Amino acid sequence: MNQAKEDLFKLESDAVFAATLGSATFTSGIYEGTALTTAAQSVITLDGQGQENPFWVFNIDTYFAAGAGTKIEIINSGFGASVVWNTGSYVSLGADTSFIGSIFSGGYISVGDGSNIPCGNVYTSSYVSVAAGSELISKNCAGVGSWAGSL
């Protein structure tokens with residue numbers, strides 16, 4: 001896992017994102033930032049713009065903290081879409097977060113009450129804490145929400 005994290009951090013980025021986001025839309029590409037916190041009830045939309053194989057890589061130097069009720073969704077994407085969240089430190093998903101993508105975390109991963117990862121995986125060099133009522137279900141994501149792709 002450590003080699004994968006290092007290789008992802010070496011990718012040339014297309015854009016830098018702000019450390020704090022409300023709802024936002026990202027087109028396919030490689031993004032970087034020092035940290036990422038989303039406000040409660042934010043919707044992060046990943047727009048594939050009709051591409052068959054769009055991809056999103058989010059290289060985050062330190063931590064990713066998703067506020068309660070944050071939703072990650074993919075739209076306008078084909079079957080070959082993929083999403084990677086690569087952090088140098090920890091990932092914290094607030095209560096009732098709906099998350100899509102594979103997480104590579106240099107620290108721990110904490111999943112709040114009622115949160116779910118319907119498609120994706122979690123990898124960490126430390127530990128994963130999953131609150132009651134949460135679900136980590138890794139599967140082919142065909143037919144999930146408005147996205148017909150897989151990770």
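**Entry: Phe58 and Trp85**

I began with Phe58, which counts as buried at 1% relative accessibility. The model is a predicted one, and I read it as such. Trp85 came next; Trp85 is also buried, with a relative accessible area of 1%. How are the rings of Phe58 and Trp85 placed in their aromatic pair? I found them stacked, at 4.2 Å centre to centre and with 10 degrees between the planes. Phe58 belongs to strand E7 and Trp85 to strand E10, so I noted a link between distant parts of the chain, 27 residues apart.

In the whole structure I have twelve aromatic pairs.

**Entry: a second stacked pair**

Among those pairs I picked out Tyr108 and Tyr127, which are stacked at 5.5 Å centre to centre with 15 degrees between the planes. Where do Tyr108 and Tyr127 lie? Tyr108 is in the loop between E13 and strand E14 (109-111), and Tyr127 is in the loop between E16 and strand E17 (128-130), so this pair ties together parts that are 19 residues apart in sequence. Are these tyrosines buried or partly exposed? I have Tyr108 as partly exposed, at a relative accessible area of 29%, and Tyr127 as partly exposed too, at 46%.

**Entry: the cores**

Back inside, I checked the largest nonpolar core, which has 27 residues. Which members touch the most others? They are Phe26, Leu46, Trp56, Phe58, Phe64, Trp85 and Phe99. Strand E7 gives the most to this core, with three residues. I also found a second, separate core of five residues, including Leu8, Ile30, Val57 and Phe104. A reminder to myself: nonpolar side chains tend to be buried together in soluble globular proteins.

**Entry: the sheet with E7 and E10**

I traced the open sheet that holds E7 and E10: six strands, in the order E1-E4-E7-E10-E13-E16, with parallel pairing. Strand E1 (15-16) and strand E16 (122-124) are at the edges with a single partner strand each, so one side of each has no neighbour in the sheet. Helix H1 (residues 2-10) packs on this sheet and touches strand E7 (55-60), E10 and E13. I noted that the direction of H1 makes about 100 degrees with that of E10.

Strand E10 (residues 82-87) and strand E13 (residues 102-105) run in the parallel sense over four bridges. Which residue of E13 is the bridge partner of Trp85? It is Ile103.

**Entry: another open sheet**

I found an open sheet of six strands with the order E2-E5-E8-E11-E14-E17, and here the pairing is parallel. Strand E2 (20-21) and E17 are the edge strands, each pairing on one side only. E14 and E17 pair in the parallel sense over three bridges, and Val111 stands opposite Val130 in E17.

**Entry: strand E3**

Next I walked along strand E3 (residues 24-27) and found its side chains alternating. E3 runs parallel to strand E6 (residues 43-47), joined by four bridges. In E6, Ile44 is the bridge partner of Ala24.

**Entry: charges**

How many salt bridges are there? I count one. Glu73 forms a salt bridge with Lys71, and their closest N and O atoms are 3.7 Å apart. Glu73 is partly exposed, with a relative accessible area of 21%; the cut-off for buried is under 20%, so Glu73 does not count as buried. Lys71 is partly exposed as well, at 38% relative accessibility.

**Entry: Asn116**

My last stop was Asn116, in strand E15 (residues 116-119). Asn116 counts as partly exposed at 24% relative accessibility. What does Asn116 contact, leaving aside its neighbours within four places in sequence? I listed Thr97, Ser98, Phe99 and Glu135.

Notes: Residues numbered from 1 in each chain as written. Predicted model: local features only at pLDDT ≥ 70, side-chain atom pairs only at ≥ 80, totals over all residues. Heavy atoms only, no water. Pairing = 2+ DSSP bridges. Helix = DSSP H or I, 4+ residues; strand = E, 2+ residues; numbered from the N terminus. Contact = heavy atoms within 4.5 Å. Axes fitted to C-alpha atoms, helices over the stretch in contact; angles between N-to-C directions. Core = buried A, V, L, I, M, F, W, Y, C linked by side-chain atoms within 4.5 Å. Buried < 20%, exposed > 50% of the residue type's maximum accessible area, 1.4 Å probe, protein only. Phe/Tyr/Trp six-rings, centres within 6.5 Å; stacked < 30°, edge-to-face > 60°. Salt bridge = Lys/Arg side-chain N within 4 Å of Asp/Glu carboxyl O.
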